[in-house]
Amino acid sequence: MKTINIIETRVRGFIEDIQHPKQKKKINLNEIEHHMRQQIEAYFDMGGYTLFHAAIEKLEEEGQLTPIQNNQQNGRTPALSLYYWVNIKKEETKWDRLEMMKRSDLFDFSYYENNPEWQTKEEWKRIENLYLFLQSNEERITVSLEERSLELFGHEKFLTDDSLFPEGKGFLKRIGVSIDQLKGTKYGEPFVYWTKQGKEINDFQRVLIVENLSFFHTCVQLLESDSLDYEPDLIIYGEGKKIERSFSFFFRLFPAKPYLFYYCGDIDAEGYSMLLRLIDKYSDCSIHPALKIYRKMLDCVEQANNQINQVKNEEHRDRFFSWFSDEEQEVLQQLWKAEKRIPQEVLTVETWRRWL
């Protein structure tokens, strides 16, 4: 019994020493056993591995360790996984339960009771600030989420920047509060746009969104010469992926009514995904691929260049290809297989003349 306690006590002590309150740690079991051999003089005489194996299984049952299932074992009998996660250290409740009960009229503390490692001084201070605010939030007006974040948590990016404030991500969910209760809103980002001369804002109907800056300026010139496809009343510079965040700003600038949106990006994997994500995110809007412009780009296939380090989404590819004829799909498939792309910049005021 004494020997069991020696092995298990040493293993438990080692695991406790490296446990972290906020993140898991990866360990190599063979390295841990090697450490035990060096620390316990009679390790082999007492049948050390058998007791080591039992200690690891017990810690696994208790939830202290989790095996990493990658088919790698430690090479011993009976076998164990070679790698384990040392799980987050479970700390005893730190907060005053009476103080938690006083605030339970507005907050749900169940997450903190189940995850006591989050019961820190910093988190409690945030909860206190939020509680004071919510007691009078009906008297407050709606401001940007960044402004409210600065007021309540000391930094405008606490709720919005995961890299700077990883603890900010999920804070409202942990305490059971919505952004609406904060009287905060996520404003869309402004975008660059150009309107057709002589067109009244209330008469706008067709909108063309283009991915790249060069082609935006080309479209402006073509619009002024009445030679741009779709004869849009408004051209928006999408700035690549930014349009996915800034598109909602459109409805703060222009009258609420049905519009016809046409989108054109590069003919490449990321261009397909930007268009499809925009369509899916704003499914209540009439967003279509600007096929007339895409077909002009396909006419310039000889200027295709290499597609470098792009995320390939085959579902988006297939949905994009479905808008084209069989012959056009064959060209698109060849580009995809060869990892080639056609950038919007193949369309200039000069090259556009071939279709006039």
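1. The largest cavity is lined by Ile267, Asp268, Ala269, Tyr272, Gln307, Leu332, Leu335, Trp336, Lys340 and Arg341. A cavity here is a set of points, on a 1 Å grid over the protein atoms alone, where a 1.4 Å probe fits but cannot get out; lining residues have an atom within 4 Å of a point.

2. This is a predicted model: local features need pLDDT of at least 70, side-chain atom pairs count only at pLDDT 80 or more, and totals for chains, interfaces and linings use all residues. Residues are numbered from 1 along each chain as its sequence is written, and side-chain values use heavy atoms, with hydrogens and water left out.

3. How many cavities of 30 Å³ or more does the structure hold? It holds one. The largest cavity has about 40 Å³ of space. Volume means the space filled by probe spheres set on the grid points, which are joined across faces, edges and corners.

4. Three elements each give at least two lining residues: α12 (269-281), α15 (326-337) and β12 (340-341). The largest share, three residues, is from α15. Helices (H or I, at least four residues) and strands (E, at least two) are DSSP runs, numbered from the N terminus.

5. By class, the lining has six nonpolar residues, one polar and three charged. Ala, Val, Leu, Ile, Met, Phe, Trp, Tyr, Cys and Pro count as nonpolar; Asp, Glu, Lys and Arg as charged; the others, Gly among them, as polar.

6. Now Lys242. This residue sits in the loop between β8 (234-237) and α10 (243-246). Lys242 is in contact (heavy atoms within 4.5 Å) with Glu189 and Pro190, leaving aside neighbours within four places in sequence. Lys242 and Phe191 are 51 residues apart in sequence, yet 8.8 Å apart C-alpha to C-alpha.

Methods: 1 Å grid on protein atoms, 1.4 Å probe; cavity = no way out; pocket = protein on both sides within 12 Å on 5 of 7 lines; lining within 4 Å.
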